[in-house]
Every structure is written in C-alpha cells, then in structure tokens.
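Work through the exercises below with the sequence and the 3D view at hand, and try each task before reading its solution.

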Amino acid sequence: MVKIKALSMIIGLILAVFLVPSVLAQEENSGVCVTGCKLLITDVDVKVGSKSDKNLQDGDSISDEAAPGDKVQFSIKVYNNFTDNEDIEIEDITVTVTIEGIDDDDDLEEESNEFDLKADKDDDITLEFEIPLEVDEDTFDVLIVVEGDSDNGSQEVEMTIDLEVQKEDDEVRFLR
C-alpha cells in the first residue's frame with residue numbers, strides 16, 4: 001500500500017512539473033498550434049467601422065457586421081512562450097491576415113513586417129482592410145497565421161474567425 005501511494009505521488013509530481021506548464025500556456029493561446037507551439041496568439045481584437053470586438057478565439061464570429069467600404073482593423077497580440085531561463089528568441093516573425101474569397105472570389109491579404117521576439121515577451125500587430133464596394137452579402141473566413149523561426153525550429157500558429165458582410169437593399173453610392 002505504501003509503494004502504491006509513493007508511486008502515485010511521484011506520478012502526480014511528474015504531471016505537475018511537466019504537463020501543467022504546457023497546459024497553462026495552451027489556455028493563453030487563442031490560436032491552433034501548427035509547429036513548435038512556443039509562438040502564441042494571445043489576443044485578437046477586431047474593429048469594424050467604429051465598433052470593436054475584443055478577445056476573439058479560434059472559431060469565433062466577429063459580432064459586428066461589415067458593410068461595403070467599411071474599414072476592418074485586426075489587432076493581434078503575439079507572444080514568445082519560451083521562458084527567460086531558456087532564453088530563446090523567435091526571429092523573422094510575420095503575421096498574415098487573409099479574408100478568403102471576399103473580393104470577387106479572390107482573397108484580400110495583408111502581411112506585417114518581420115520582427116523578433118525575445119523569450120517571455122509579446123508584441124501587438126495591427127493590420128487593416130477596406131471591404132470592397134462590390135462584395136457579396138456572405139460570411140467570410142478570416143485566416144490569421146503567425147510564423148517565425150527559433151533555435152528549436154520553425155514556429156507557427158493559426159486562427160480562423162468569421163466576418164459577416166451585410167448590404168442594405170436601398171443603399172446607393174455615387175463615386176463620381
């Protein structure tokens with residue numbers, strides 16, 4: 001009986017030391033790990049026109065509908081989950097946001113400049129789009145991909161959210 005209790009305590013200690021930190025880190029990650037799992041998306045806020053939607057998670061829908069000509073701004077917080085003790089910098093990070101099929105079945109895509117993140121640090125990236133004037137009323141997938149390189153290999157995390165575009169039947173815009 002004593003051996004079973006001792007073995008049970010050892011297993012519990014191993015789980016606490018090795019699994020709990022990685023589980024906690026994944027709870028902070030709004031995206032889905034593709035490779036490496038040390039580059040995280042910790043926050044996504046979207047502004048449609050003048051209305052904001054905060055703390056979106058993978059699979060969420062943006063609560064505010066966009067209209068033709070609206071500006072849509074994506075603020076993405078990226079985090080290097082390597083510890084200060086590990087001291088591993090993630091380099092050449094790019095954030096790419098793609099609104100799939102929105103522009104006459106073509107994608108709209110914006111990419112950030114490359115940047116580096118030291119261990120246990122984060123950075124905010126903002127990318128902005130203008131919804132085309134000629135757009136179908138539909139729900140579009142928005143794919144957010146964050147990629148970088150570290151001494152431990154490539155790091156990639158992605159996230160998908162939905163953007164709904166609504167058009168008013170009686171709205172007319174004169175461009176000239």
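A disulfide is a pair of cysteine sulfur atoms within 2.5 Å. The model shown here is a predicted one, which should be kept in mind throughout.

**Exercise 1.** Find which cysteines form a disulfide, and determine its handedness and the exposure of its two residues.

Solution. Begin with the distance: the sulfur atoms of C33 and C37 lie 1.9 Å apart, which is within the 2.5 Å cut-off, so the two residues form a disulfide. The structure holds one disulfide. Next, consider the torsion about the S-S bond of C33 and C37, which is about -95°, so this disulfide is left-handed. Finally, turn to accessibility, where partly exposed covers the range between under 20% (buried) and over 50% (exposed). C33 has a relative accessible area of 22% and is therefore partly exposed, and C37, at 32%, also counts as partly exposed.

**Exercise 2.** Work out the order of the strands in the open sheet of four strands, and say which strands stand at its edges.

Solution. Reading across the open sheet gives the order 3-2-4-8, with antiparallel pairing. Strand 3 (51-53) and strand 8 (122-130) each have a single partner strand and so stand at the edges, with one side of each left without a neighbour in the sheet. From one strand to the next, the twist averages 20°.

**Exercise 3.** Describe how strand 2 is joined to strand 4, and name the bridge partner of L39.

Solution. Strand 2 (residues 39-48) and strand 4 (residues 71-80) run antiparallel and are joined by nine bridges.

Definitions and conventions. Residues are numbered from 1 along each chain as its sequence is written. This is a predicted model: local features need pLDDT of at least 70, side-chain atom pairs count only at pLDDT 80 or more; totals for chains, interfaces and linings use all residues. Side-chain values use heavy atoms; hydrogens and water are left out. Buried means under 20% relative accessible area, exposed over 50%, partly exposed in between (1.4 Å probe, protein chains only). Two strands pair if DSSP finds at least two bridges between them. Helices (H or I, at least four residues) and strands (E, at least two) are DSSP runs, numbered from the N terminus. Axes are lines fitted to C-alpha atoms, for helices over the stretch in contact, and angles run from 0 to 180 degrees between N-to-C directions.
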